[in-house]
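Hello,

Here is the structure I promised to pass on to you. Please have a look at it first, and then read my notes below.

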Amino acid sequence: MFETLTQAPGDKILALMGEYAADQRSAKIDLGVGVYKDEKGVTPVMTSVRKAEERILSNEKTKTYLGIAGNKGYGNAVLDLVLADSVDRARVRIAQAPGGTGSLWVLMQLINRARPGANVHVSDPTWANHNPIAINSGLKVVTYPYFDPETRGVKFEQMLDALDQLSADDVVLLHGCCHNPTGANLTDAQWDQVAESLARTGALPFIDLAYLGFGDGIEADAYGTRKILSSVPEALIAFSGSKNFGLYRERVGAAILVARNAEQADVTNSQLLNIIRGAYSQPPDHGAEIIRTILEDAALRAEWEAELSAMRNRMISLRKKLADAIRERSNSSDFDFVADHRGMFSLLGLSTDAVEHLKAANGVYMTGDSRINVAGIPEDRVGDLAEAFLAATR
Ligand code: PMP
């Protein structure tokens, strides 16, 4: 049987992690892997999460099945968190799913049931897993202009022009906030224009919301999602609790669908549940129960929000420190974009040679497209990094 198979391509990030681990230099710096790290370089279990887990452990009475859509209390809490009052809940359905990735997967399968082989328009560039998930679901991937390598901002006019050409058969995948890999995001006024374009063309917005609260705050980061939901008849959202609750390995996310009316929401949801049943039957509960416990309890929720703010503020401060250090040394504003970007990542716009040079000469690791994880910047090495980046770009 298996002799028919050939080697599948390896995962680039995992390969980079392996290279980093094998590097014997003590001064090496890991800006590659996409997880939050604190000032000690560790990805901690949040205190609110630990407290919720203790409660769950002492109160849990059964581990029987929860159902295809998963933890109901979690679903309602996530809808409150993400949607607020942007859309009539009678048109909304939610299914807990394994991570943002699992949510993207079941929603892409749903799109393919509605419009087999539909075009999914993704930003250029986008998260490396969007393409395979779409292709494996039977969909086609097309890119729309997004990142401007000159300004390291968004090519907004070109993006909007491309969106304006779409029709009701198209799907537009948007990063709700904290764009991965670029760190360049839309302003509120630009979100308004995107929402208006989608409402006009009828193209289906599909929002990937993997970093809510990592940019400028929960409310600010939800602006684009809520604006779109209040403007269009149909939408999909893939929510992830991996980053904002630090629950990476628990695999907790949610697939949210918004339909034209309650009747169509029920029919569409029946297809979504049918997809889940035939894939993994039901999602794992632990991460969802943690999030439900936190969001439903005022004190735990306040503690979580404070911890989330601390992570966000640390990343914003590291961005500023790096941009300042580079400006001081170069007398130019060429790297100021790092301070303007939001979320965990910034795409530096370096050549492949420069990325390789940084690794070989300085032990500074980033993905091949020159994406850095700002949470990986050691506070006491900001000056070294600034010098290394400047040397690599000269
Ligand atoms: N979307 C984007 C843009 C991401 O960066 C990630 C995580 N790297 C995800 C979705 C999914 O994350 P997870 O499946 O771990 O929740």
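UniProt, in an unreviewed entry, places a "coiled-coil region" at residues 301-328. In this model, which is predicted, the chain over residues 301-328 is 100% helix and 0% strand.

Seven strands form an open sheet with mixed pairing, in the order S2-S10-S9-S8-S7-S3-S4. Its edges are strand S2 (92-97) and strand S4 (140-145), each of which pairs on one side only. On average, neighbouring strands here are turned by 25 degrees against each other, direction ignored. Val 120 has Val 171 in S7 as its bridge partner. Helix H3 (residues 72-83) packs on this sheet, where it touches S2, strand S8 (204-209), strand S9 (235-240) and strand S10 (253-258). The direction of helix H3 makes about 115 degrees with that of S2.

Finally, the ligand. Which residues come closest to it? Of the 13 residues that surround the ligand, the closest are Gly 99, Gly 100, Thr 101, Ser 240 and Ser 242. Helix H4 (residues 99-114) gives the most to this shell, with three residues. Sorted by class, the shell has nine polar, three nonpolar and one charged residues.

Enjoy exploring it, and do write back with any questions.

Best wishes

Definitions and conventions. Residues numbered from 1 in each chain as written. Predicted model: local features only at pLDDT ≥ 70, side-chain atom pairs only at ≥ 80, totals over all residues. Near = placed C-beta within 6 Å. Helix = DSSP H or I, 4+ residues; strand = E, 2+ residues; numbered from the N terminus. Nonpolar A, V, L, I, M, F, W, Y, C, P; charged D, E, K, R; others polar. UniProt positions renumbered as here; feature names shortened; annotations may be inferred. Pairing = 2+ DSSP bridges. Axes fitted to C-alpha atoms, helices over the stretch in contact; angles between N-to-C directions. Contact = placed C-beta atoms within 7 Å.
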